[in-house]
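Please read the points in order.

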Amino acid sequence: MKHFFRTQSPARLIALGFALVILIGSVLLILPCSVQEGVELRYIDSLYTSTSAVCVTGLIAVDAGDTFTPLGQFFLAMLIQIGGLGVTSVGAGIILAMGRHVDLKGRNLIQEAMNLDSGKGVVKFIKSVFITTLIFELTGALLSFLVFVQDYAPLRALGISLFHSVAAFNNSGFDILGNLQNLIPYRDNVALNLITCGLIFFGGIGFLVIREMWNKRLRWKKFSMHAKIVLSVSFFLILVGTVLIKLTEDVTLLGAFFHSVSARTAGFSTYPLGTFSNAGLLVLIVLMFIGASPGSTGGGIKTSTFFALIQGIKAAATNKSEKAFRYAIPKDTFRKAAVITLLALTVVLTGTYLMVIMEPEIRLIDALFEVTSAFGTVGLSTGITTGLCDGSKLLSILIMYIGRLGPLTIASLWYFSRGERVSFPEGNIAIG
């Protein structure tokens, strides 16, 4: 067994780790102690829920509040936490807590999983990740409790607050309020909307950026190029998304802002998306596809990939070099971004095609929305998830899994291999 793990690439070990946690979670969620009395839970729905939790998606085949006992909801929260932080990070944290040393293989795994430039300072980084997560989630739970305690008994309100804070910071749209209502009852509660958006935002920008914001005391000029790109693109997408949703949908400005933030991989909703127009759904699809930032708890192609793609197109159109914030963008960045985006589009379009074949009664826009939500590990839905056939659920499970591993991991297995021994004369191909 040791030889097997030593001979596998970091990306493959990460993929196996996520698959193992998903399978263990599916068993834990279907235990009699996890399911409420009188509720029948099929294994396919347990597997779907576990995948959605570990992939921090939030798409639900069954309502978490009406299906699971407090213990089952605890298991669900732990799966979300492990999925958000990453199996590798959690494993490294347990090793450190036991006072053991993280070996070179473990450091390489963490570097791969967290999109770090090098293995230097990995152990210190993991410690900061856990501390940061604890601070944000406890703060979020405390602030959320002040809202939920107005509608629930203190103990119940505490459980809801802790679950909600974990789900929000890890960009997973699960809720345990019951009746498939998500946060619709709190659409006009400014405090809970802003608390949730804050947790989603910081969970989505990535631990590297959070640490940089703290260490450099929010001084913009001292931020790295990566931090500036992540923050600039994030604010831009939130602003544009808010304006476009407000223009197309009959929602409040707060509701438009909330969905603009949530669509970037969180999956909470304060309005039923089944009532949204095609224009509004298209805006959300684009936001879900772009997603969060590298090294974060969210999915999608990532904000930095989107930025690199736009800059590369701009540079090609103007015949100028790629640059941003007085830095030159590395030459390979655009090619990597293009490969990631192409792979992501392939997954989404293929998944949509297969779903409309298996679900001919579903509108194309709803199927595209569902598949993009699964790939971007978002969790938003127009309401079709619970009625999907088993084949569509298995398809969504696969897409959520691919989305959580990330296009970068898939692209690195396919594109970044080097070492061609045969060279060919350069040919000519007409483009455009």
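1. A charge sits over a ring if NZ of Lys or CZ of Arg is within 6 Å of the ring centre and within 35 degrees of the ring normal. Arg-217 is placed in this way over the face of Trp-214, at 5.4 Å from the ring centre. Likewise, the charged end of Arg-187 sits over the ring of Tyr-271, 4.1 Å from its centre.

2. The model is predicted, with local features needing pLDDT of at least 70 and side-chain atom pairs counting only at pLDDT 80 or more, while totals for chains, interfaces and linings use all residues. Residues are numbered from 1 along each chain as its sequence is written, and side-chain values use heavy atoms, with hydrogens and water left out.

3. The structure holds 10 aromatic pairs (rings of Phe, Tyr and Trp, the last by its six-membered ring, with centres within 6.5 Å; planes under 30 degrees apart are stacked, over 60 edge-to-face, the rest tilted). Trp-220 and Phe-223 have ring centres 5.9 Å apart and planes at 65°, so this pair is edge-to-face.

4. Trp-220 also forms an edge-to-face pair with Phe-325, at 6.1 Å centre to centre and 75° between the planes. This pair links distant parts of the chain, 105 residues apart: Trp-220 lies in the loop between helix H11 (207-215) and helix H12 (225-248), and Phe-325 in the loop between strand S1 (323-324) and strand S2 (327-328). Helices (H or I, at least four residues) and strands (E, at least two) are DSSP runs, numbered from the N terminus.

5. Phe-223 is buried, with a relative accessible area of 4%, whereas Trp-220 is partly exposed at 38% and Phe-325 is partly exposed at 31%. Buried means under 20% relative accessible area, exposed over 50%, and partly exposed in between (1.4 Å probe, protein chains only).

6. One aromatic cluster is formed by Phe-136, Phe-169, Phe-201, Phe-202, Phe-207 and Phe-235.
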